[in-house]
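Me: I am new to this structure and would like to learn how to read its features one at a time. Could you take me through them, giving the general idea before the particular case?

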Amino acid sequence: MARTEDPDPGADPGADPGTATTVGTDTGRAAPSGAGHLASVLATARRVLRQLSHDPRTVAQLLAVPVLLLVLLYYVFDADRRAFSTVGASLLGIFPMITMFLVTSIATLRERSSGTLERLLTMPLGKGELIAGYALAFGGLATVQASIATATAVWLLDLDIAGSPWLLLVVAVLNALLGMALGLFVSAFAATEFQAVQFFPAVIVPQILLCGLFVPRDEMQPVLGAISDVLPLSYSVDGMTEVVTHAEVTGDYLRDVAVVAAVAAAVLAVGAATLRRRTA
Amino acid sequence: MNNPGGATPEAAVLARALTVVRGGRRVVRELDFAVARGTVTGLLGPSGCGKTTLMRAVVGAQARVTGRIDVLGLPAGSASLRARIGYVTQAPSVYPDLTARQNLDYYAAVLGVRGHRRGAEVERVLGEVDLAEYGATLTGRLSGGQRSRASLAVALLGSPELLVLDEPTVGLDPVLRRDLWNLFHRLAAERGVTLLVSSHVMDEADRCQRLLLMRDGRLLADDTPDGLRAGTGTADIESAFLHLVDTDRAAPKEG
């Protein structure tokens, strides 16, 4: 019995630049099977969720902490309910990004350092399939997290939004994928979990400071305003604000959603390039 | 025979002037050797001699490889080889937060074993490494030896044609070690699997049909255990190794 041929297409463009030889050129590729790719993606997603299922405390923290923080924020803005709506909506977008950034950077760092990634990459698994599997699992988790947080904010804490809560959810899930993409990317530059966690203040906190949550973006010092214009979180927060202030889906909202989605996809692609089949 | 490459090469692994550079140093130097199909070949040498780097070159995980290395008739690292090679790294590459069975289930899915065949396959390899009763235990809670057997079980999934095993018997008790070597020989004899097994324990040499002795990135010998002893006039492989090192030192250095 031979193993089922299931090579990945296009995920590995032959040898790495560092390999100056005949070695490693991909010859003899069979035609890719679509069903096989999907099965690998689903298997990876199920594996990631099974890992989480053995760690109920992390799952509980992921789901409960955003809700508790929203409740805290509600009482912080006891005197100013309008401010709670704006800041609260922004935080609904920021939480999933933070948690998925942390979870993904640690998870992929573990894959890299434990040898499981090396083993997977010697197997017929495409890098795209691995990343899509992670995106599916963490995206699903982020959807549950964002749903609970949004439901709590809108129904229990009377978050006052003009538009539909579903629009908030869309931005929240895209933000989760953005956080995941950034986490995957930075994990390539971290040798230890300590280093990986330190990327949080380096990569995420500046985005939070510049996203318009503290100072409206158009009132910022021009250089900072320009930086804020190229940071993806700014667009998530703008999108959330659109939902707070407009009943209908606005053009600005669509633009914001498109920017966040595009940046998440681009960073995921760059992150995929950091997964090397051949390493020194 | 499943042979997408077209040719029917005799050797499972063929290296010509194989060199690997790591950190500016040539850690594998100009190796020429062939591993015959359906045999158990031992790769022996002290820690740090380049065994792991050589094995990584065979499975296509090593960067900065020059020279030629063909595996099952294709250049090492070819995409179509990925389903045909089982590779076990020195550190167990399994997910500690999954049970042994869940680990195997995932890797089997990645290898393309679908549906109900997957469950049977997982149970088969668990049995082969004698871990069936620990199938439901998180691999993070297993002992070191059990965890490395779980990692070995992954490599046995889906009937690979070549098994590259980096020190698979380290830390195992003598009974288990014997059982695993018996398994390796059964795989070679009954299924025609080629095994390349590294070890730094010289007393495992006699379990192999052929030996590659390595030191400082070079091959000191490529022979059968009996041939080695006869050629060096020694009684055991450890003495043969020392004899070869001394001869090598006495010889004039090239380059």
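**Reading burial, salt bridges and strands**

Reply: Let us begin with one residue: R229(B) has a relative accessibility of 15% and therefore counts as buried, where buried means under 20% relative accessible area, exposed means over 50%, and partly exposed lies in between, with a 1.4 Å probe and protein chains only. This is a predicted model, in which local features need pLDDT of at least 70 and side-chain atom pairs count only at pLDDT 80 or more, while totals for chains, interfaces and linings use all residues. Residues are numbered from 1 along each chain as its sequence is written, chains are lettered from A and ligands numbered from 1 in the order in which they are written, and side-chain values use heavy atoms, with hydrogens and water left out.

Me: With which residue does R229(B) form a salt bridge?

Reply: A salt bridge is a side-chain nitrogen of Lys or Arg within 4 Å of a carboxyl oxygen of Asp or Glu. R229(B) forms one with D206(B), and their closest N and O atoms are 2.9 Å apart. The pair links distant parts of the chain, since R229(B) sits in helix α6 (residues 225-232) of chain B and D206(B) in the loop between β8 (194-199) and β9 (210-215) of chain B, 23 residues apart; here helices (H or I, at least four residues) and strands (E, at least two) are DSSP runs, numbered from the N terminus. D206(B), at a relative accessible area of 48%, is partly exposed.

Me: How many salt bridges does the structure hold over all chains, and which residues are linked in a network?

Reply: Over all chains there are 25 salt bridges. A network of them links R46(A), R50(A), D105(B) and R118(B). In chain A, D238(A) and R217(A) form a salt bridge whose closest N and O atoms are 2.8 Å apart. D238(A) lies in helix α9 (residues 232-245) and R217(A) in the loop between α7 (193-210) and α8 (222-230), so this pair ties together parts of chain A that are 21 residues apart in sequence. R217(A) is buried, at a relative accessible area of 17%.

Me: How many helices and strands does chain A have?

Reply: Chain A has 10 helices and 0 strands, and 52% of its 280 residues count as buried. If contact is taken as heavy atoms within 4.5 Å, then among the contacts in chain A between residues at least 6 apart in sequence, 76% join residues at least 24 apart.

Me: What is the order of the strands in the open sheet of chain B?

Reply: Strands of a sheet pair through backbone hydrogen bonds, either parallel or antiparallel, and two strands are said to pair if DSSP finds at least two bridges between them. In chain B an open sheet of 4 strands has the order β2-β1-β4-β5, with antiparallel pairing. Its edge strands, β2 (25-36) and β5 (74-75), each pair on one side only. Strands β1 (residues 11-22) and β4 (residues 65-71) of chain B pair over 6 bridges, and T19(B) stands opposite T66(B) in β4(B).
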